[in-house]
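Student: I've got the model open and a few things to ask about it. Can we go through them one at a time?

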Amino acid sequence: MLDQDDTGHHDAVASRNPDERVHADIETEGGQLLVTDRRVAISRGVRIALDLRFDEIRRIQLDIERHHPATMVVVPDSARQEPQVLPIPTEALDTVTAALSFIARAIHRADLEDRQARADG
């Protein structure tokens with residue numbers, strides 16, 4: 001489990017901007033998944049393994065297979081950053097799928113804003 005700051009938040013949350021809103025803070029079997037209104041972060045122990053704005057995400061995949069725990073894969077757009085694989089406990093699936101829905105809408109919104117900026121500029 002991640003260390004908590006004096007507000008009760010984990011390390012990945014502690015470094016957020018004061019006006020950044022946390023939508024999900026999920027403990028998985030392989031680390032901690034944080035979703036805010038600006039980014040997705042994955043921590044392993046006290047180390048931030050991945051911290052991406054929505055426009056830096058290439059793909060997120062949730063695999064559900066019989067006889068195995070579900071896994072979530074977060075693939076950065078940049079090849080310099082390593083994709084992260086998190087085993088998802090069954091009891092966290094509802095929270096994870098709600099977070100994925102939020103992320104999908106945020107990625108779509110960021111893509112629309114980027115297209116509009118290119119069309120205007």
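Student: Where does His67 lie?

Tutor: This is a predicted model, in which local features need pLDDT of at least 70, side-chain atom pairs count only at pLDDT 80 or more, and totals for chains, interfaces and linings use all residues. Residues are numbered from 1 along each chain as its sequence is written, and side-chain values use heavy atoms, with hydrogens and water left out. Helices (H or I, at least four residues) and strands (E, at least two) are DSSP runs, numbered from the N terminus. On that basis His67 sits in the loop between β5 (57-63) and β6 (70-76).

Student: And what phi does His67 take in that hairpin?

Tutor: The hairpin of β5 and β6 has 6 residues between the strands. His67 is a residue other than glycine, yet its phi is positive. The value is near 70 degrees.

Student: Is His67 buried or exposed?

Tutor: Buried means under 20% relative accessible area, exposed over 50%, and partly exposed in between (1.4 Å probe, protein chains only). His67 comes out at 71% relative accessibility, so the label is exposed.

Student: How many bridges join β6 to β7?

Tutor: Two strands pair if DSSP finds at least two bridges between them. On one hand, β6 pairs with β5 in the antiparallel sense over 6 bridges, with Leu62 opposite Met72. On the other, β6 runs antiparallel to β7 (residues 84-88), where Val85 is the bridge partner of Val73. The count for β6 and β7 is 5 bridges.

Student: How many residues of β6 are buried?

Tutor: β6 is mostly covered. Of its 7 residues, the buried ones number 6.

Student: Is Asp51 buried, exposed or partly exposed?

Tutor: Glu20 is buried at 6%. Asp51 has 34% relative accessibility, so Asp51 counts as partly exposed.

Student: Which strands stand at the edges of the open sheet?

Tutor: The open sheet has 4 strands in the order β1-β2-β3-β4, with antiparallel pairing. Two of these strands each have a single partner strand, so one side of each is left without a neighbour in the sheet: β1 and β4.

Student: Last one: what angle does the direction of α2 make with that of β1?

Tutor: β1 pairs with β2 (residues 32-36) over 5 bridges, and Asp25 stands opposite Leu34. Helix α2 (residues 93-120) packs on the sheet, touching β1, β2 and β3, where contact means heavy atoms within 4.5 Å. Axes are lines fitted to C-alpha atoms, for helices over the stretch in contact, and angles run from 0 to 180 degrees between N-to-C directions. For α2 and β1 the angle is about 140 degrees.
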